[in-house]
Amino acid sequence: TASIDTKEVVPLLYVAMNTRLPIKKLSAFAQGNFSLSGKHSVYGYQVGLSYKLLDNLAMDADLTLGYQVDKVGFENIDNLYTDLKTQGAFVGLRAHF
């Protein structure tokens with residue numbers, strides 16, 4: 001195991017949206033982070049659908065299905081070079097009390 005400390009900042013732009021669909025209780029969402037630096041490739045995003053299971057005064061609950069991608073590519077940050085990408089489908093339960 002190794003670690004590298006660096007003081008370099010990689011600015012990111014964050015965007016998100018959520019919209020209800022004409023089918024009752026169904027909505028679509030998308031969100032992402034994107035690097036504002038030209039020399040590094042850093043981004044992550046997810047898109048999916050959400051179905052409202054429960055909506056009352058005590059609790060809201062949604063079932064979510066989607067796809068997520070994350071990529072980190074650094075080019076010479078204190079002699080660190082990396083190109084890591086993960087991607088795949090996900091299922092989740094979101095609750096708000």
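The model is a predicted one. It holds three salt bridges. The largest pocket has about 160 Å³ of space, and K52 is among the residues that lie nearest its centre.

- The side chains of K52 and D62 form a salt bridge, with 3.2 Å from N to O.
- This pair links distant parts of the chain, since K52 sits in strand 3 (residues 41-55) and D62 in strand 4 (residues 60-77), ten residues apart.
- K52 has a relative accessible area of 18% and is therefore buried, as the limit for buried is under 20%.
- D62 is also buried, with a relative accessible area of 11%.
- R94 has a relative accessible area of 42%, so R94 is partly exposed, a class that runs between the 20% limit for buried and the 50% limit for exposed.

**The salt bridge of K71 and D83**

- The side chains of K71 and D83 meet in a salt bridge at 2.5 Å, N to O.
- K71 is in strand 4 and D83 in strand 5, and the pair links these distant parts of the chain across twelve residues.
- Are K71 and D83 buried or exposed?
- K71 counts as buried, at 15% relative accessibility, whereas D83 is exposed, with a relative accessible area of 62%.

**The largest pocket**

- The lining of the largest pocket is made up of 13 residues.
- R20, K25, L26, S27 and K52 are the lining residues that lie nearest the centre of the pocket.
- Which strand supplies the largest share of the lining?
- Strand 3 does, with three residues.
- Strand 1 (12-20), strand 2 (26-35) and strand 3 each give at least two residues to the lining.
- Sorted by class, the lining has six charged, four nonpolar and three polar residues.

- K25 is found in the loop between strand 1 and strand 2.
- The phi of K25 is near 75°, which is a positive value in a residue other than glycine.
- Most residues other than glycine have a negative phi.
- K25 counts as partly exposed because its relative accessibility is 42%.

**Y14 and its contacts**

- Y14 belongs to strand 1.
- Leaving aside residues up to four places away in sequence, Y14 touches Q31, G32 and N33.
- Y14 and Q31 are 17 residues apart in sequence, and their C-alpha atoms are 7.5 Å apart in space.
- The side chains of Y14 and Q31 make a polar contact at 3.1 Å.

Terms used:
Residues are numbered from 1 along each chain as its sequence is written. This is a predicted model: local features need pLDDT of at least 70, side-chain atom pairs count only at pLDDT 80 or more; totals for chains, interfaces and linings use all residues. Side-chain values use heavy atoms; hydrogens and water are left out. A salt bridge is a side-chain nitrogen of Lys or Arg within 4 Å of a carboxyl oxygen of Asp or Glu. Helices (H or I, at least four residues) and strands (E, at least two) are DSSP runs, numbered from the N terminus. Buried means under 20% relative accessible area, exposed over 50%, partly exposed in between (1.4 Å probe, protein chains only). On a 1 Å grid over the protein atoms alone, a cavity is a set of points where a 1.4 Å probe fits but cannot get out, and a pocket is an open set with protein on both sides within 12 Å along at least five of seven lines; lining residues have an atom within 4 Å of a point. Grid points are joined across faces, edges and corners, and a volume is the space filled by probe spheres set on the points. Ala, Val, Leu, Ile, Met, Phe, Trp, Tyr, Cys and Pro count as nonpolar, Asp, Glu, Lys and Arg as charged, and the others, Gly among them, as polar. Contact means heavy atoms within 4.5 Å. A polar contact is a pair of N or O atoms within 3.5 Å; within protein, one must be able to donate a hydrogen and the other to accept it, and residues adjacent in sequence count only if both atoms are side-chain atoms.
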